[in-house]
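Biologist: Please take a close look at a single part of this model, starting from one residue and what it touches. Then relate that part to the rest of the chain, with the cut-offs stated as you go.

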Amino acid sequence: QVQLVESGGGLVQAGGSLRLSCAASGRSFSSYDMGWYRQAPGKERERVAEISLSGVRTYYADSVKGRFTITRDNAKNTLYLQMNSLKLEDTAIYYCNPPELVRLGRAYWGQGTQVTVSS
């Protein structure tokens with residue numbers, strides 16, 4: 001199973017930008033569709049964006065559409081999330097995982113990376 005490490009989070013003012021990275025180990029990264037998820041304090045984890053294994057197809061939650069961009073580099077085994085025009089409500093811990101494993105209840109949720117948007 002692919003192992004994942006998220007990074008790139010931080011403290012940013014509203015309207016600012018951040019780029020998250022998800023480094024994968026193992027040969028199976030390019031075999032999976034991949035997704036970004038987030039969980040804010042006191043809220044359930046929500047799906048933010050997904051990208052097909054080839055990178056051709058993407059999905060975005062309505063709350064981030066037009067502001068976030070998901071990409072992947074299969075040669076580098078890395079998934080990215082470019083976040084622009086950040087809002088206070090984007091504050092959360094962000095995680096990456098294959099949607100397939102999430103739906104099967106087999107995803108491992110690591111430390112994630114904290115994104116905090118201040119006013």
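Modeller: Leaving aside residues up to four places away in sequence, S21 touches V5, E6, S7, W36, T78, L79 and Y80, where a contact means heavy atoms within 4.5 Å. This is a predicted model, in which local features need pLDDT of at least 70 and side-chain atom pairs count only at pLDDT 80 or more, while totals for chains, interfaces and linings use all residues. Residues are numbered from 1 along each chain as its sequence is written, and side-chain values use heavy atoms, with hydrogens and water left out.

S21 sits in strand β3, which covers residues 18–25. Strands (E, at least two residues) and helices (H or I, at least four) are DSSP runs, numbered from the N terminus. From S21 to T69, 48 residues apart along the chain, the C-alpha separation is 12 Å.

The setting is a chain with 1 helix and 10 strands. Their order along the sequence is β-β-β-β-β-β-β-β-β-α-β. The protein chain is as compact as a globular protein of its length, because its radius of gyration is 13 Å, close to the 14 Å that the globule rule gives for 119 residues. That radius is taken over C-alpha atoms, and the rule is 2.2 Å times the number of residues to the power 0.38. Along the principal axes, the C-alpha atoms fill a box of roughly 40 × 25 × 25 Å. Among contacts between residues at least 6 apart in sequence, 54% join residues at least 24 apart.

Of the 119 residues, 42% count as buried; buried means under 20% relative accessible area, exposed over 50%, and partly exposed in between (1.4 Å probe, protein chains only). The chain exposes about 6500 Å², of which carbon and sulfur atoms supply 46%. These areas come from the Shrake-Rupley method with a 1.4 Å probe, and for residues only the protein chains shown count as cover.

Next, the loops. D90 lies in the one between β8 (78–83) and β9 (92–97). Apart from residues up to four places away in sequence, D90 touches R38, R67, F68, S85, V115 and V117. The C-alpha atoms of D90 and T116 are 7.5 Å apart, with the two residues 26 apart along the chain. D90 counts as buried because its relative accessibility is 1%.

The side chains of D90 and R67 form a salt bridge, at 2.7 Å from N to O. R67 lies in the loop between β6 (58–60) and β7 (68–73) and D90 in the loop between β8 and β9, so the pair ties together parts that are 23 residues apart in sequence. A salt bridge here is a side-chain nitrogen of Lys or Arg within 4 Å of a carboxyl oxygen of Asp or Glu. R67 is also buried, at 10% relative accessibility. D90 and R67 belong to a salt-bridge network together with R38 and E46.

The whole structure has 5 salt bridges. One of them joins E50 and R47, at 2.8 Å from N to O; E50 is buried at 13%, whereas R47 is partly exposed at 34%. D62 and K65 meet in another, at 3.1 Å from N to O, and D62 is exposed, with a relative accessible area of 66%. Over the chain there are 14 positive and 10 negative side chains, and the centres of the two sets lie 3 Å apart. Lys and Arg count as positive and Asp and Glu as negative, without His and the chain ends; each charge is placed at NZ of Lys, CZ of Arg, CG of Asp or CD of Glu.

S85, one of the residues that D90 touches, is found in the loop between β8 and β9. S85 is partly exposed, at 42% relative accessibility, and its phi is near 50°, a positive value in a residue other than glycine. Most residues other than glycine have a negative phi. N77, in the loop between β7 and β8, has a positive phi as well, near 55°.

In the loop between β4 (34–39) and β5 (46–51) lies P41. P41 is exposed, with a relative accessible area of 73%. Its C-alpha atom is 8.6 Å from that of I93, 52 residues apart along the chain.
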